[in-house]
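Here is a short report for a reader meeting this structure for the first time. Look over the sequence and the model, then read on.

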Amino acid sequence: MTQQQLAGKVGIKFQQIQKYETGMNRISASRLWDIADALNVDVRFFFEGIDDAIDTGAMNGHGVPGDILADKEALELVRSYYAMPEMQRRRLFELARVMSDVA
C-alpha cells in the first residue's frame, strides 16, 4: 500500500503520513487506531514485543528503566522538582548533572 492510498483510507493528506513515518509528527492514539483499521491489522500489531521489553526491564537508551515514572520515588522526585521555583530547579539540575558526571 502506498502512502497516498493509506492517507486516502485514513482521510488525511499523504504528506501527513510521511511526517508520521519520519517521526516528524507524533501519531495520536485515535489516528493509530485509524491506521490499523486501514491496514486491516489489530492496533496491538504496532506494539509487538513491548511485553518482552517490559518483562526484561528494558532501558530507554538513557540508562534508566523505560517505565521510570511508574516508580513511586521517581514520580515523587519529579513532582517535588517542578514544585520548586525555576531558579532553584536550574541550580538543582546543574548540581545533579555535575554529580552524575563524577559518579
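E94 is partly exposed, with a relative accessibility of 39%. R97 is also classed as partly exposed, and its relative accessible area is 39%. The two side chains meet in a salt bridge, 2.7 Å from N to O. Both residues sit in helix 6, three residues apart, so about one helical turn separates them. The model is predicted, not an experimental structure.

## Overall make-up

The chain holds six helices and zero strands. Read from the N terminus, its elements run α-α-α-α-α-α. The chain has 103 residues, and 12% of them count as buried.

The chain exposes about 8700 Å². Carbon and sulfur atoms supply 56% of that area. Now take the contacts between residues at least 6 apart in sequence: 18% of these join residues at least 24 apart.

## The nonpolar core

Which residues form the largest nonpolar core? There are eight: L6, A7, V10, I12, I17, Y20, I35 and A38. Helix 1, helix 2 and helix 3 (29-38) each supply at least two residues of this core. Helix 1 gives the most, with three residues. In soluble globular proteins, nonpolar side chains tend to be buried together.

A7 is one of the core residues. Residues up to four places away in sequence aside, A7 touches I12, K13, F14 and I17.

Where does I12 lie? I12 is found in the loop between helix 1 (3-10) and helix 2 (14-22). Is I12 buried or exposed? I12 is buried, because its relative accessible area is 17% and the cut-off for buried is under 20%.

With neighbours within four places in sequence left aside, I12 is in contact with A7, I17, Y20 and R31. R31 lies 19 residues from I12 in sequence. In space, the two are 9.9 Å apart, C-alpha to C-alpha.

## R31 and its partner D34

R31 also takes part in a salt bridge, with D34 as partner. The closest N and O atoms of this pair are 3.8 Å apart. R31 and D34 are three residues apart in helix 3, so they are separated by about one helical turn.

How accessible is each partner? R31 counts as partly exposed, at 22% relative accessibility. D34 is partly exposed too, with a relative accessible area of 32%.

## Salt bridges across the structure

How many salt bridges does a search of the whole structure find? The search finds four. One of them joins D42 and R44, and the closest N and O atoms there are 3.0 Å apart. D42 is partly exposed, with a relative accessible area of 41%. R44 counts as exposed, at 61% relative accessibility.

## R89, buried without a salt bridge

R89 lies in helix 6 (residues 86-102). R89 is buried, yet it has no salt bridge.

What does R89 touch instead? Neighbours within four places in sequence aside, R89 is in contact with Y81, Y82 and M84.

## N40, between helix 3 and helix 4

N40 sits in the loop between helix 3 and helix 4. Phi of N40 is near 55 degrees. That is a positive value in a residue other than glycine. N40 is exposed, with a relative accessible area of 69%.

## A nonpolar patch on the surface

Which residues make up the nonpolar patch on the surface? They are M1, L39, F45, F46, F47 and I50. Together they have about 550 Å² of accessible area.

I50 is one member of the patch. I50 belongs to helix 4 (residues 50-55). I50 is partly exposed, with a relative accessible area of 41%.

Key: Residues numbered from 1 in each chain as written. Predicted model: local features only at pLDDT ≥ 70, side-chain atom pairs only at ≥ 80, totals over all residues. Heavy atoms only, no water. Helix = DSSP H or I, 4+ residues; strand = E, 2+ residues; numbered from the N terminus. Buried < 20%, exposed > 50% of the residue type's maximum accessible area, 1.4 Å probe, protein only. Lys, Arg positive; Asp, Glu negative; His and termini not counted. Contact = heavy atoms within 4.5 Å. Patch = residues over 30% accessible without salt bridge, like charges linked within 9 Å, V, L, I, M, F, W, Y side chains within 5 Å. Areas by Shrake-Rupley, 256 points an atom, 1.4 Å probe, with all protein chains shown as cover. Core = buried A, V, L, I, M, F, W, Y, C linked by side-chain atoms within 4.5 Å.
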